[in-house]
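I opened a new page for this structure. The entries below record what I looked up, in order.

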Amino acid sequence: MAPELEKFGEQVRQLRKGLGLSQEDLAELTDLHRTYIGGIERGERNVALINIVRLAKALNVSPSELLKGIE
């Protein structure tokens, strides 16, 4: 797995848990499948820009906040 994808997944997981959301809750808010959310959090998915925007909106952060620390 690419370290960038792992870091992005960690960011998503931390923000999701901070909001008290399950993966299923986040999936519903983003109109993405629950297994896709799990794949993102495990660093298995290379996420498209539109899905980064959806995730950011659902997590109440900017897309750049999700990418913070990824180099």
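I call a residue buried under 20% relative accessible area, exposed over 50% and partly exposed in between, with a 1.4 Å probe and protein chains only. The model is predicted, so local features need pLDDT of at least 70 and side-chain atom pairs pLDDT 80 or more, while totals for chains, interfaces and linings use all residues. Residues are numbered from 1 along each chain as its sequence is written, and side-chain values use heavy atoms, without hydrogens and water.

Entry: positive phi. I found N60 with a positive phi of about 60 degrees, although N60 is not a glycine. N60 sits in the loop between helix 4 and helix 5 (63–67), helices being DSSP runs of H or I with at least four residues, numbered from the N terminus. N60 is exposed, at 63% relative accessible area.

Entry: helix 2. I looked up which residues of helix 2 (23–30) are buried, and they are L26, A27 and T30. They fall within an arc of 105 degrees seen down the helix axis, so they line one face; the arc is taken from the directions from the axis to the C-beta atoms. E28 and L29 are exposed on the face turned away. The buried residues pack against helix 1 (3–18), helix 3 (34–41) and helix 4 (49–58).

Entry: V47. I listed its contacts (heavy atoms within 4.5 Å). Leaving out residues up to four places away in sequence, V47 touches F8, Y36, I40, I52 and L55.

Terms used:
Helices (H or I, at least four residues) and strands (E, at least two) are DSSP runs, numbered from the N terminus.
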